[in-house]
Amino acid sequence: MSAPTSSRLLTAGLALAAQYTLDELAPETIADTTGLSHEQFAAQFGSVDGYLLEMNQQFLDHILDRLVREAGTHSPGLPRMCRATQLQLDICLEHRALRNLLSEARRRMPLVAEAFHRRNHTTGIMIGIELKSLGCPHAAAIGRIYCLMVLETAQIECETGAPNPALRRALADFLANALSAPPAKAAARATSDAL
């Protein structure tokens, strides 16, 4: 999909999410909002499910693009990871209505859920790679867990409509503790010595 079409799709998704629930979305409404004819909509997306699958992809790409741009301005380390987390949560809140609509779509539409889980698996791997480069023990597992923690925080914040400072601090503390943990073998020896 071309960049102008993607941009128009994201903009239309924001407008639709602000006005309609998932059950209220119809091909005609989406076509009108995206500026496509009904025939063009049917040819490009096929159905509301097809549109939401693409909308989900565009929203996840939008978040990833913003995070990658931001990461390029910071050195690897805890501050960069914490900043990326804050930015992801802020983007989700900024587009709260769309994220809530897509969350509902993921619960009810297997293809949207599958695409979402694939992206989160990749994100968890990326976090794990950065943690490993910083010497974090169990980096891959911690990356996956941290990814899920951020998603849960985003869901809670989008449901309440406001940042949750306690959860955001807990995320930063989790990362800080993960990075300051001794290597697994040293920790096992310390535990054994203490017994």
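This is a predicted model: local features need pLDDT of at least 70, side-chain atom pairs count only at pLDDT 80 or more; totals for chains, interfaces and linings use all residues.
Helices here are DSSP runs of H or I, at least four residues, numbered from the N terminus.

Residues are numbered from 1 along each chain as its sequence is written, and side-chain values use heavy atoms, with hydrogens and water left out.

**Helix α7**

I checked the length of α7 next. Its 24 residues should span 34 Å at 1.5 Å a residue, and the end C-alpha atoms sit 35 Å apart, which agrees. The expected span is 1.5 Å times one less than the number of residues.

Which residues of α7 are buried? I listed V112, A113, A115, F116, R119, N120, G124, I127, G128, E130 and L131. Buried means under 20% relative accessible area, exposed over 50%, and partly exposed in between, with a 1.4 Å probe and protein chains only. The cover over them includes α4, α5, α6 (96–108), α8 and α9; contact means heavy atoms within 4.5 Å.

**Salt bridges**

I found that the structure holds 10 salt bridges, each a side-chain nitrogen of Lys or Arg within 4 Å of a carboxyl oxygen of Asp or Glu.

- R80 pairs with E130, closest N and O atoms 3.0 Å apart. This one links R80 in α5 to E130 in α7 (residues 110–133), 50 residues apart. Both R80 and E130 are buried.
- R168 pairs with E157 at 2.8 Å between the closest N and O atoms. That joins α9 (residues 165–180) to α8 across 11 residues. R168 and E157 are both buried.
- E94 pairs with R66 at 3.9 Å between the closest N and O atoms. E94 is in α5 and R66 in α4 (residues 48–71), 28 residues apart. R66 counts as partly exposed because its relative accessibility is 23%.
- I also noted a network of salt bridges linking D23, E104, R107 and R108.

**α5 against α8**

Last, I looked at how α5 (residues 78–94) packs on α8 (residues 139–160): the angle is about 35° and the axes are 9 Å apart. Axes are lines fitted to C-alpha atoms over the stretch in contact, and angles run from 0 to 180 degrees between N-to-C directions.

What does α5 bring to the contact with α8? I see T85, Q88, L89, C92 and L93 meeting α8 residues that include Y146, V150, L151 and E157.

Key
Helices (H or I, at least four residues) and strands (E, at least two) are DSSP runs, numbered from the N terminus.
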